[in-house]
Amino acid sequence: KKRGQKRLQALEALVENQQSQLRLKERELTALRARGVAGALVPQPLHRIVLTGGPCGGKTTALAKLRIRLEELGFLVLTVPETATM
């Protein structure tokens with residue numbers, strides 16, 4: 001039970017950190033868009049996010065939530081299928 005509690009706390013801290021980073025990127029995106037000339041395309045960097053972890057680690061759930069949020073912010077989100085390793 002204690003091990004599960006520690007894992008939950010670690011995952012919650014990870015999610016909070018990722019949310020903080022996402023808020024920072026939201027501000028950066030807003031600043032980039034504000035500097036763009038009306039009607040002109042502002043080059044957008046290509047970001048790659050890799051989710052890793054063991055079985056039942058929440059990767060699929062995190063991916064779904066991340067995809068929804070990034071699409072709400074106007075990002076084009078592309079995903080690739082999970083690759084199992086031994």
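Mentor: Let's go through the helices, the contacts and the salt bridges in turn.

Trainee: Before that, what kind of model is this?
Mentor: It is a predicted model.

Trainee: Okay. How many helices and strands does the protein have?
Mentor: The protein has two helices and zero strands. Helix 1 covers residues 2–35, and helix 2 covers residues 59–72.

Trainee: How far does helix 1 reach from end to end?
Mentor: From its first C-alpha to its last, helix 1 reaches 50 Å. With 34 residues at 1.5 Å a residue, the expected value is 50 Å, so the model is close to that.

Trainee: And what about the span of helix 2?
Mentor: That agrees with expectation, because its 14 residues should span 20 Å and the end C-alpha atoms are 20 Å apart.

Trainee: What comes after helix 2?
Mentor: Gly 74 follows helix 2, and its phi is positive, near 95°.

Trainee: Which residue other than glycine has a positive phi?
Mentor: Cys 56 is one, with phi near 60°. You'll find Cys 56 in the loop between helix 1 and helix 2.

Trainee: Is that cysteine, Cys 56, buried or exposed?
Mentor: Cys 56 has a relative accessible area of 83%, so it counts as exposed.

Trainee: Changing topic: how much of the protein counts as buried?
Mentor: Of its 86 residues, 7% count as buried. The protein exposes about 8000 Å², and carbon and sulfur atoms supply 60% of that area.

Trainee: Which residues of helix 1 are buried?
Mentor: They are Leu 22, Glu 26 and Leu 29.

Trainee: What do those buried residues of helix 1 pack against?
Mentor: They pack against helix 2.

Trainee: Tell me about Leu 29. What does it touch?
Mentor: Leaving aside residues up to four places away in sequence, Leu 29 touches Gln 44, Leu 73 and Phe 75. Leu 29 has 7% relative accessibility, so it counts as buried.

Trainee: How far apart are the C-alpha atoms of Leu 29 and Gln 44?
Mentor: They are separated by 9.0 Å, with the two residues 15 apart along the chain.

Trainee: Which salt bridge does Glu 26 make with Arg 69, and at what N to O distance?
Mentor: The side chains of Arg 69 and Glu 26 meet in a salt bridge at 2.3 Å, N to O. This pair links distant parts of the chain, with Arg 69 in helix 2 and Glu 26 in helix 1, 43 residues apart.

Trainee: Is Arg 69 buried or partly exposed?
Mentor: Arg 69 is partly exposed, because its relative accessible area is 32%.

Trainee: What else pairs with Arg 69?
Mentor: Glu 72 does, in a salt bridge whose closest N and O atoms are 3.4 Å apart. Glu 72 and Arg 69 are three residues apart in helix 2, so about one helical turn separates them. In general, an α-helix has 3.6 residues a turn, so residues three or four places apart point the same way. Glu 72 is exposed, at 56% relative accessibility.

Trainee: Which residues end up in one network, then?
Mentor: Glu 26, Arg 69 and Glu 72, joined by salt bridges that share partners.

Trainee: How many salt bridges does the structure hold?
Mentor: Five. Another one pairs Glu 16 with Arg 23, where the closest N and O atoms are 3.3 Å apart. Glu 16 is partly exposed at 42% relative accessibility, and Arg 23 is partly exposed at 37%.

Trainee: Last topic: which residues make a nonpolar surface patch?
Mentor: Ile 49, Leu 51 and Leu 63 make one of about 240 Å². Of these, Leu 63 is found in helix 2, and it is partly exposed, with a relative accessible area of 35%.

Trainee: Great, thanks for the tour!

Notes
Residues are numbered from 1 along each chain as its sequence is written. This is a predicted model: local features need pLDDT of at least 70, side-chain atom pairs count only at pLDDT 80 or more; totals for chains, interfaces and linings use all residues. Side-chain values use heavy atoms; hydrogens and water are left out. Helices (H or I, at least four residues) and strands (E, at least two) are DSSP runs, numbered from the N terminus. The expected span of a helix is 1.5 Å times one less than its number of residues. Buried means under 20% relative accessible area, exposed over 50%, partly exposed in between (1.4 Å probe, protein chains only). Accessible areas come from the Shrake-Rupley method with a 1.4 Å probe; for residues, only the protein chains shown count as cover. Contact means heavy atoms within 4.5 Å. Patches are made of residues with over 30% relative accessible area and no salt bridge: like charges are joined within 9 Å, nonpolar side chains (Val, Leu, Ile, Met, Phe, Trp, Tyr) within 5 Å. A salt bridge is a side-chain nitrogen of Lys or Arg within 4 Å of a carboxyl oxygen of Asp or Glu.
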